[in-house]
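Hi there,

Here is the structure I promised to pass on to you.

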Amino acid sequence: MRRKIAILGATGSVGSSALDLIERSPDRFEVVALTAAVNSEALAAAARRTGAKLAVVADECRLSDLQARLAGTGCRAAAGREALIEAAAGEADLVLAAIVGCAGLEPVMAAVEAGRIVALANKEALVTAGALMTDSALRNGATLLPVDSEHNAIFQCLAGSRGGDVSRIILTASGGPFRTASAEKMRGATPAEAVAHPNWSMGAKISVDSATLMNKGLELIEAHYLFRLPSDRIDILIHPQSVIHSLVEFIDGSMLAQLGCPDMRIPIAYALAWPERMATPAPRVDLSSIASLDFEAPDLERFPALRLAREALQASGAAPIVLNAANEVAVASFLAGRIGFADIAAIVERALGESRAAGPASISDVLEIDRMTRVQVESAMQAVCQ
Ligand code: NAD
Ligand code: MG
């Protein structure tokens with residue numbers, strides 16, 4: 001029987017890589033739903049190629065265009081929030097959550113509440129609603145499979161081991177485009193320089209997060225919820241070659257690592273085919289040509305975002321939501337040329353310091369803290385930019 005797949009965020013970097021794999025294995029997968037934010041042209045093209053039954057564009061203004069592009073295909077076009085939730089909680093066996101940002105939270109939760117297998121790339125959803133999501137997954141029989149390469153690596157290393165045998169996990173980080181840059185050079189960094197990741201090809205937001213190391217900070221929080229480990233048992237290690245995607249250390253002193261070329265199709269394939277494996281066209285690691293693998297400790301002075309994320313995890317409650325919302329607004333402002341690179345972490349630090357929000361008891365609380373933080377950060381930025 002073919003596995004029925006829904007892809008939330010099908011037009012993005014992760015979504016496109018998943019489609020590439022799925023289209024190579026039509027005997028294995030059936031695409032039932034695809035979604036996108038605004039790009040109705042790319043969405044309709046993907047729906048036509050895969051024979052999807054439902055295509056959803058978040059922006060309702062794009063519905064008529066999507067309908068026109070899908071005329072005669074048998075694929076239903078829909079738009080807006082409710083339709084995104086329908087795509088997530090519909091007939092799919094496995095939902096790939098590849099929307100960027102907290103915008104993906106409601107559809108991810110809909111898939112979790114429907115008890116689906118959720119292949120999670122959308123780390124911001126877990127960062128903002130980690131406890132609510134993992135509790136709901138337990139209650140509803142949903143399975144959360146990490147797609148983020150580091151978490152997927154840890155998930156692979158943990159296979160067959162008992163939780164009590166793990167002493168710590170080590171998330172590797174490439175260090176991003178500014179790993180060796182001076183603080184002064186980083187202050188003047190342009191969006192084009194920040195998104196030029198040395199090893200991975202990714203969407204703009206996560207590329208900037210990789211340059212500030214906020215990405216690793218979000219991944220620290222993500223790892224805490226996925227693997228139920230406290231902050232002091234999750235370490236960060238800079239590894240510029242991005243060949244080791246993460247490691248697990250066990251109580252006997254053994255360490256297991258997962259290696260691979262930096263190609264997201266490997267972790268995506270692991271999640272799509274889980275608990276089996278499937279072939280991918282990803283290049284293979286040639287250790288003799290790599291010759292050496294380097295490691296160094298992260299520099300928390302030049303990369304304060306990593307410190308802020310750890311503090312937010314330790315504070316818990318509303319702090320991870322505030323961290324994420326302030327970062328989303330700051331990154332969008334940086335990409336739009338409104339603020340400098342160093343302002344991103346400064347804005348996040350200020351938002352965390354000013355927040356008085358209580359911890360969330362529900363997803364609507366999470367969304368409200370997210371909304372309030374965005375309003376506060378926007379108005380603070382406007383005051384500074386004037
Ligand atoms: P991207 O910007 O390339 O794509 C994002 C997708 O989400 C697009 O399909 C877009 O249409 C959709 N989207 C954006 N805003 C939306 C909204 N408001 N409502 C509905 N849909 C919306 O991003 P990406 O690089 O593919 O990353 C997706 C997620 O996966 C992020 O959370 C990222 O952190 C995570 N991730 C990405 C990579 C990678 O290699 N790109 C690796 C690990 C984790
Ligand atoms: Mg990652």
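Below is what I found, starting with how to read the model.

This is a predicted model, where local features need pLDDT of at least 70 and side-chain atom pairs count only at pLDDT 80 or more, while totals for chains, interfaces and linings use all residues. Residues are numbered from 1 along each chain as its sequence is written, chains are lettered from A and ligands numbered from 1 in the order in which they are written, and side-chain values use heavy atoms, with hydrogens and water left out.

Let's begin with the metal. Asp-148 (OD), Glu-150 (OE) and Glu-219 (OE) coordinate the magnesium ion (ligand 2) at 2.1 to 2.2 Å. Donors here are N, O and S atoms within 2.8 Å of the metal (3.2 Å for Na, K and Ca); water is not among the atoms, so the site may look incomplete. Along the sequence, the spacing of these donor residues is D-x1-E-x68-E. Both Asp-148 and Glu-150 are buried (under 20% relative accessible area; exposed is over 50%, partly exposed in between, with a 1.4 Å probe and protein chains only).

Next, the loop between helix 16 (341–354) and helix 17 (363–385) holds Arg-356 (helices are DSSP runs of H or I, at least four residues, numbered from the N terminus). Why does Arg-356 count as exposed? Because its relative accessibility is 71%. Arg-356 and Ala-319 are 37 residues apart in sequence, and their C-alpha atoms are 9.3 Å apart in space.

Enjoy exploring!

Conventions:
Helices (H or I, at least four residues) and strands (E, at least two) are DSSP runs, numbered from the N terminus.
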